[in-house]
Amino acid sequence: VVRMVGDEESIPFVKAPGKGELDLVISNLALHWVNDLPGALQQVRDSLRPDGLFLGSLFGGSTLQELRDAFLVVEQERFGGVSLRVSPMAGVADAGMLLTRAGFALTTVDVQSISINYPDLFTLMEDLRGMGESNAALMRGPPLRRSTLFAADAAYRALYGRDDGTIPATFQVIFMTGWHPSDRQQQPLSRGSAKFSFADMESMQPPEQDSFDLSEFGDVHRLPEQDDDSGSEQN
């Protein structure tokens, strides 16, 4: 086992295109911090050997959308403009295009949204700091004032507050799968090689359903039919 400390934007396993030696690369909730995501995915592909697999997950663009909206409303009202208070993240469509651009084959993108309730905005921001997921953008604007934070908490509750007094925070996780191209992989058929057209399929008759003889299973007793509205009461 070899342990190495590297950078996602300078993967130490990359030697030359087509000379990768890794069978599997896994990245879990890290790529949303990469400045050059297209370049990082290209390096991942170059580090894989043919038919090697890449599995990745990252936070998507809908993550913390409620927090974005709360700060947008407050700063627009108070200062006449908005600042970048939540780090920008890639969308679902972006992830698929980036995998294709990096040269992966048989790509798959899936998404899952997780909603977590917090008692207030301050607890949410403290949790984000503990996760290492606070805003790290260089152009995030001036430091927030205490009054602005309290106003953002009030706006958050007005927009998304729940009946139990909590506020929801959405975390959108994008899952990506891509394979290094290989001749052994399933390849699409050449254009025009189909044996049936959609017009032929529309004219086809559906296959007949097989009938079963219940007598093969011995004595079969049919349950008495009951109306949907009928019921029985038990004391």
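Reply: Let us begin with the largest nonpolar core, which has 21 residues; those with the most contacts inside it are Leu64, Leu67, Leu121, Leu124, Tyr156, Ala169 and Phe171. Two or more residues each come from helix 2 (65-79), helix 4 (121-131), helix 5 (146-160) and strand 4 (167-179), and helix 5 gives the largest share, five residues. This is a predicted model, in which local features need pLDDT of at least 70 and side-chain atom pairs count only at pLDDT 80 or more, while totals for chains, interfaces and linings use all residues. Residues are numbered from 1 along each chain as its sequence is written, and side-chain values use heavy atoms, with hydrogens and water left out.

Me: What makes a set of residues a nonpolar core?
Reply: Its members are buried Ala, Val, Leu, Ile, Met, Phe, Trp, Tyr and Cys residues, joined through side-chain atoms within 4.5 Å. Buried means under 20% relative accessible area, exposed over 50%, and partly exposed in between (1.4 Å probe, protein chains only). Apart from the core above lies another, of 19 residues, among them Val44, Leu48, Leu58 and Phe104.

Me: Why are helix 4 and helix 5 called roughly perpendicular?
Reply: They pack at an angle of about 105°, with their axes 9 Å apart. Axes are lines fitted to C-alpha atoms, for helices over the stretch in contact, and angles run from 0 to 180 degrees between N-to-C directions. Angles under 35 degrees count as roughly parallel, over 145 as roughly antiparallel, 65 to 115 as roughly perpendicular and the rest as oblique. The two helices are therefore roughly perpendicular to each other. Where they meet, Leu121, Phe122, Leu124 and Met125 of helix 4 face Leu149, Phe150, Ala152, Asp153 and Tyr156 of helix 5.

Me: What are the helices and strands here, by definition?
Reply: They are DSSP runs, numbered from the N terminus: helices are H or I with at least four residues, strands are E with at least two. The chain has six helices and four strands, running β-α-β-α-α-β-α-α-β-α from the N terminus on.

Me: Why is helix 1 described as largely enclosed?
Reply: Nine of the eleven residues of helix 1 (residues 37-47) are buried, so the rest of the structure largely encloses this helix. The buried ones are Leu37, Gly39, Ala40, Leu41, Gln43, Val44, Arg45, Asp46 and Ser47. They pack against strand 1 (22-28), strand 2 (48-59) and helix 3 (92-101).

Me: Why is Leu84 called partly exposed?
Reply: Leu84 has a relative accessible area of 31%, so it is partly exposed. Its place is in the loop between helix 2 and helix 3.

Definitions and conventions: Contact = heavy atoms within 4.5 Å.
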